[in-house]
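Subject: Structure for you to look at

Hello,

Here is the structure I said I would pass on, with my notes below it. Please have it open while you read.

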Amino acid sequence: MPYTNKRFEELDVLDDFLISAIAAVPVIGEAFCRRILSVLLQREIGKIKVTAQHALPALSPAHRGIRMDVEVEEFRTGTKPPLMNLYDLEPHLQKDLDLPRHNRFYQAKIDARHLPRGERNFSKLPNLFVITILSFDPFGYDHMMYTIENHCAEVHELKYEDGLQFIYFYTEGTKGGNEKIKTMLRYLQHSTDDNACDDSTKELHGYVSQVKVMPEVRQNYMRFEEIIYYEREDAAKGTKVQDILELLEDYGEVPDSLEKQLEETEDMDLLKKYLKLAARTDSIDAFLLQSGLADSCEQ
C-alpha cells in the first residue's frame, strides 16, 4: 500500500485507505461501489457483495500472494453461465509498476479460486473486470479509459469471449469516455465538495462525508500511519545497512559479526555515521577502528 502523508481530512477516494474504508462499511459500501461502477462502465449494476482489503494467499511460501483493494461480486439473474460478474477495483498512485504484467498476475490469482476442484464446466468461471484507476496516463495516449480484451490477431472479426477485461481509467484523460465519466474520475482523484457537481458525485460525496466522521475510521487511519511509519523506518534502516555492506565488500569479505552488529543497530543517526565512514575508508580494519566497532566485532 503506497504511503501518503495526507492528513485524514485530506484523503481522496483514490487513496487506498479511504476507498477500502468506505467499501468496508455495511450498506454504504455497496451503494458506494455500485455508483462508481455504474458510472465508469456506463451500465446498471445489480445486486452486489463487496469485500474490502481481500488477501489471496500464495500457493506456497516460495511464491507471492495478492491483496485486492476492493472486490465486488455482481450476481446475474437467469440460469445461463456465468452467474457472476467479478470486479477488482484498484486505485494506483504508484508509477514504477509494470501494470500489464501486474494485472495479468492478479487476474490469474483471482481466477484460480473461482473454479472448484473437479469442475469441468469452465463456462461457470465468472466474468472478470480488472479495473485500475490511475492519476497518470499508463499508455500515453491521453484517453480517460483504455479497455483491453483478448482477440485474434489474424481474424479481427473473431469474437474471443473469455469473459476478461482489463480497464484502465486515467483521471486526467481528455479523449474518449464522456462527461459523466470525466466528472467521476475528477472526483475520485480530488474528493472535495467543489468536485461533487452531478448527481453521482454528490451521492459519493455524501458517503465520503459520512465515513470521515466515524471515530473508528479515524482511529484506524492513525494506526495505519503508525504502521507505515515503522515500515518506512525499517526499510530505510535496511537500505543503509545494505549500502554500508556493499561499500565494505570492495575491501574483502565482511565478517559475519560486523554484519550482525550493523543489523542490530537501531539508531539511524549512528547508521548514517557508519555509512559516511564506509564511503571514505580504505579497508575493513580501518572502518572497524574509526567506527568503534573493532572491540565488538571479531574478524
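Rings of Phe, Tyr and Trp count as a pair if their centres lie within 6.5 Å. On that basis Phe 8, Phe 17 and Tyr 221 make up one aromatic cluster. Please keep in mind that this is a predicted model.

Overall make-up

The protein chain contains nine helices and six strands. It has 299 residues, of which 43% count as buried. Among the contacts with a separation of 6 or more, 62% are between residues 24 or more positions apart.

Aromatic pairs

Six aromatic pairs turn up when the whole structure is searched. One of them is Phe 139 with Tyr 168, an edge-to-face pair with 5.1 Å from centre to centre and 85° between the planes. Phe 139 belongs to the loop between strand E4 (127–134) and strand E5 (145–148), while Tyr 168 belongs to strand E6 (residues 164–170), so this pair ties together parts that are 29 residues apart in sequence. How buried are the two partners? Tyr 168 counts as buried because its relative accessibility is 3%, whereas Phe 139, at 31%, counts as partly exposed.

Another pair is formed by Tyr 274 and Phe 287: the ring centres are 6.2 Å apart and the planes stand at 70°, so this pair is edge-to-face. It links distant parts of the chain, with Tyr 274 in helix H8 (residues 268–280) and Phe 287 in helix H9 (residues 284–291), 13 residues apart. Tyr 274 has a relative accessibility of 5% and therefore counts as buried. Phe 287 also counts as buried, with a relative accessibility of 0%.

A ring also has a charged neighbour: Arg 43 lies over the face of Phe 129, at 5.5 Å from the ring centre.

Helices H1 and H2

Helix H1 (residues 16–23) packs with helix H2 (residues 28–41) at an angle of about 120°, and the axes are 7 Å apart. Why are the two called oblique? Angles of 65 to 115 degrees count as roughly perpendicular and those over 145 as roughly antiparallel; the angle here is about 120°, and H1 and H2 are therefore oblique to each other.

On the H1 side the contact is made by Ile 19, Ile 22 and Ala 23, and on the H2 side by Ile 28, Gly 29, Phe 32 and Cys 33. Sorted by class, this contact holds six nonpolar residues, one polar residue and no charged ones.

Positive phi

Which residues have a positive phi without being glycine? Gln 42 is one of them, with phi at about 55°. Gln 42 sits in the loop between H2 and strand E1 (48–56). Its relative accessible area is 40%, so Gln 42 is partly exposed.

Asp 142 is another, with phi near 65°. Asp 142 is placed in the loop between E4 and E5, the loop that also holds Phe 139. With a relative accessibility of 24%, Asp 142 counts as partly exposed.

Ile 181 is part of helix H4 (residues 179–189). Because its relative accessibility is 2%, Ile 181 counts as buried. What does Ile 181 touch, leaving aside its neighbours within four places in sequence? Its contacts are Val 39, Leu 40, Gln 42, Met 144, Met 145 and Phe 169. Gln 42 in that list is the residue with the positive phi of about 55°. The C-alpha atom of Ile 181 is 9.2 Å from that of Thr 171, a residue 10 residues apart from it along the chain.

Glu 203 is part of helix H5 (residues 199–212). A relative accessible area of 24% makes Glu 203 partly exposed. Setting aside neighbours within four places in sequence, Glu 203 is in contact with Ala 31 and Arg 35. Glu 203 and Arg 35 are 168 residues apart along the chain, and their C-alpha atoms are separated by 8.2 Å.

Regards

Definitions and conventions. Residues numbered from 1 in each chain as written. Predicted model: local features only at pLDDT ≥ 70, side-chain atom pairs only at ≥ 80, totals over all residues. Heavy atoms only, no water. Axes fitted to C-alpha atoms, helices over the stretch in contact; angles between N-to-C directions. Helix = DSSP H or I, 4+ residues; strand = E, 2+ residues; numbered from the N terminus. Parallel < 35°, antiparallel > 145°, perpendicular 65-115°, else oblique. Contact = heavy atoms within 4.5 Å. Nonpolar A, V, L, I, M, F, W, Y, C, P; charged D, E, K, R; others polar. Phe/Tyr/Trp six-rings, centres within 6.5 Å; stacked < 30°, edge-to-face > 60°. Buried < 20%, exposed > 50% of the residue type's maximum accessible area, 1.4 Å probe, protein only. Lys NZ or Arg CZ within 6 Å of the ring centre and 35° of its normal.
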